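This report covers a sheet, some backbone angles and a group of aromatic rings. The sequence and the structure come next.

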Amino acid sequence: MASSMIRSSLKSINEFIPKALSLRSRHLCAVANATEQIELEDATFSLFLDNEGKDVSKEKSKSDNIFIKGPKSTSASSSVSMPTSSMTGSIVGKRFYKQVTTRETDDGNGWSVMLDYRTLKTPSKRPLKCPTLALAKAIAAEWEYQEDGIKPFTMPFMKLACTALERVPLTRPKIIENLMKKFHQDLVFCRAPRDALTLDLHDRQAERIDPLLKWVESEFGFKPVVYSSFYGGKQEVGFSKAIEELLKKTDDCELAAIDAIAASAQSLIISIGIFCGRLQIEDAIELIRLEEDMQVKGWGLVEGGHDIDIADLRVQISSATVFLGLSRT
């Protein structure tokens, strides 16, 4: 059941990755002279390769680390730091492993991913410990998918897992603080004016968003304030505190997923709707794109613009939602 869900989820997400990412910039920032270190921001992973990208780990390394060190050189090496957003379409190294497997951790409190005999590790070189077997298998499937080279932009589960393991425990209060800073300007609280120019949009927002706001009222006991002002509005203090308390009760994987969805959706409420099971992926995407889809319907779709934005949004929302489900299985 879990394996079937993982295969289906990965297939769904990977349908949109090439279209969303392949048309964006495809360049690396620098090339090392002898030893090339590639580190990805937002907690993905690092590889050490020789200047030809060859796997030299079998010569001297006895570590179970996934970090593969190349030969020493008198030339100074360069460190290339690249966020995932700037790596679209890039291959950062050759596949250096033959088999990907999963196994229970030594302490019995999680699951590890194995690349041959090496335990997959986070950027800080800690073993990647997944809370469920389903999530471990999904990450293993991402690594198995790397046939022509290591492509980080095709590994959203790996990125989210490392974020949950490393970033969230250290910066949990800051993550929650940043989410709450944007709460009052949430997308679902903003309503188009009911005038001649935006009447259709106003009515469409009322039709599609009001049911979500009614659920929020019943769930948290406060009626959200809807506003049309460019400067936003202000929700009740009790409402804000109720949302903040919910965030504080989440585990690290849940908070990582909520943060990722909220960043893509520009809406913490939509993210919480997914977290609580009130919204499905397609429901969320419809609400996020409500205004833009009406513009596309009236004025037409811009190829290479709107279509890429839609595909990219599907990747971000789908991967974080599936990650959330797999971490709970």
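## Strand pairing

Two strands count as paired if DSSP finds at least two bridges between them. The model discussed here is predicted. Strand β5, residues 111-115, pairs with β6 in the antiparallel sense over 2 bridges. Within this pairing, Met114 stands opposite Thr119 of β6.

On β4, the strand β5 has an antiparallel partner joined to it by 5 bridges.

Together, 3 strands make an open sheet with antiparallel pairing, in the order β4-β5-β6. β4 (100-104) and β6 (118-119) are at the edges; each has a single partner strand, so one side of each lacks a neighbour in the sheet. Strands of a sheet pair through backbone hydrogen bonds, either parallel or antiparallel.

Helix α4, residues 133-144, packs on this sheet and touches β4 and β5. The direction of α4 makes about 160° with that of β4.

Most residues other than glycine have a negative phi.

Gln266 lies in the loop between α8 (252-265) and α9 (268-275). Is Gln266 buried or exposed? The cut-off for exposed is over 50% relative accessible area. Gln266 has 56% relative accessibility and therefore counts as exposed.

## Aromatic rings

A pair of aromatic rings is described by the distance of the centres and the angle of the planes. With ring centres within 6.5 Å as the criterion, the count comes to 8 aromatic pairs. In the pair Phe183 and Phe189, the ring centres are 5.5 Å apart and the planes stand at 90°, so the pair is edge-to-face; the cut-off for that class is over 60 degrees.

Phe183 and Phe189 are both buried. These two residues belong to one aromatic cluster, together with Trp215, Phe220, Phe222 and Phe239.

How values were computed. Residues numbered from 1 in each chain as written. Predicted model: local features only at pLDDT ≥ 70, side-chain atom pairs only at ≥ 80, totals over all residues. Heavy atoms only, no water. Helix = DSSP H or I, 4+ residues; strand = E, 2+ residues; numbered from the N terminus. Contact = heavy atoms within 4.5 Å. Axes fitted to C-alpha atoms, helices over the stretch in contact; angles between N-to-C directions. Buried < 20%, exposed > 50% of the residue type's maximum accessible area, 1.4 Å probe, protein only. Phe/Tyr/Trp six-rings, centres within 6.5 Å; stacked < 30°, edge-to-face > 60°.
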